[in-house]
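Please open the structure in your viewer and keep the selection panel at hand.

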Amino acid sequence: MGVNLNFETIEKNLRANWQTLLYDWIPGGKIVHRQKGPEYVADSIYGGEGESFGINLISFSFHDFNPASSVTSSGVGMINLYSKQQGIDYKTAAKRFAHYDTADPLESKRSFEPMLVKEKK
């Protein structure tokens, strides 16, 4: 039997812990204040110092305009961001977080950490 996926709940749980997750998924980034609200920025969807990648921390819409990045993309939501970064489909990304618990995000993180894929150079 498969995992029952409630995409809305998974997305809500991930958004509630954006700070822990974004600093882990996209290291080297920082928060800047823009006209449309605060944004977490980095060199690319994989991290690094710069501002070619950004995710709005209110709408969770993101964009990666780094021409050197192997993934130039945009979208909305934490599941979508993870799927684009990892090069996997949305449902597979959501499955990795099906048991994510906002009460203990670090403990939950350990359950999917080995599945994280880093950028191929």
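Select K30 first: this residue is partly exposed, with a relative accessible area of 43%. The model is a predicted one, in which local features need pLDDT of at least 70 and side-chain atom pairs count only at pLDDT 80 or more, while totals for chains, interfaces and linings use all residues. Residues are numbered from 1 along each chain as its sequence is written, and side-chain values use heavy atoms, with hydrogens and water left out.

**The salt bridges**

K30 forms a salt bridge with E51, and their closest N and O atoms are 3.6 Å apart. (A salt bridge is a side-chain nitrogen of Lys or Arg within 4 Å of a carboxyl oxygen of Asp or Glu.) K30 belongs to strand β1 and E51 to the loop between β2 and β3, so the pair ties together parts that are 21 residues apart in sequence. Helices (H or I, at least four residues) and strands (E, at least two) are DSSP runs, numbered from the N terminus. E51 is partly exposed, at 40% relative accessibility.

Next, select R34. Which side chain meets that of R34 in a salt bridge at 2.9 Å, N to O? The partner is E51. This pair also links distant parts of the chain, with E51 in the loop between β2 and β3 and R34 in strand β1, 17 residues apart. R34 meets E39 in a salt bridge as well, at 3.6 Å from N to O. Is E39 buried or exposed? At 10% relative accessibility, E39 counts as buried, whereas R34 is partly exposed at 37%. Show the four residues together: K30, R34, E39 and E51 are linked in a network of salt bridges. The structure holds 4 salt bridges.

**The strands**

Now select β1 (residues 30–34) with β2, which pair in the antiparallel sense over 5 bridges. (Two strands pair if DSSP finds at least two bridges between them.) The two strands form a hairpin with 2 residues between them. Return to K30 and look across: K30 stands opposite V41 in β2. Strand β2 (residues 37–42) is mostly covered, as 5 of its 6 residues are buried.

**The helices**

Move to helix α1 (residues 7–16) and colour its buried residues, I10, E11, N13 and L14. Seen down the axis of α1, these residues fall within an arc of 160 degrees (taken from the directions from the helix axis to the C-beta atoms), so they line one face of the helix. They pack against α2 (18–25), α3 and α4 (90–96). The face turned away from the buried side carries the exposed residues E8, K12 and A16.

Finally, select Q85 in helix α3 (residues 78–86). Q85 is buried, with a relative accessible area of 7%. Which residues does Q85 contact, leaving aside its neighbours within four places in sequence? They are W25, I26, I45 and Y46, where contact means heavy atoms within 4.5 Å. The side chain of Q85 reaches the backbone oxygen of W25 at 2.9 Å. The C-alpha atoms of Q85 and W25 are separated by 8.7 Å, although the residues are 60 apart along the chain.

Technical notes:
Buried means under 20% relative accessible area, exposed over 50%, partly exposed in between (1.4 Å probe, protein chains only). A polar contact is a pair of N or O atoms within 3.5 Å; within protein, one must be able to donate a hydrogen and the other to accept it, and residues adjacent in sequence count only if both atoms are side-chain atoms.
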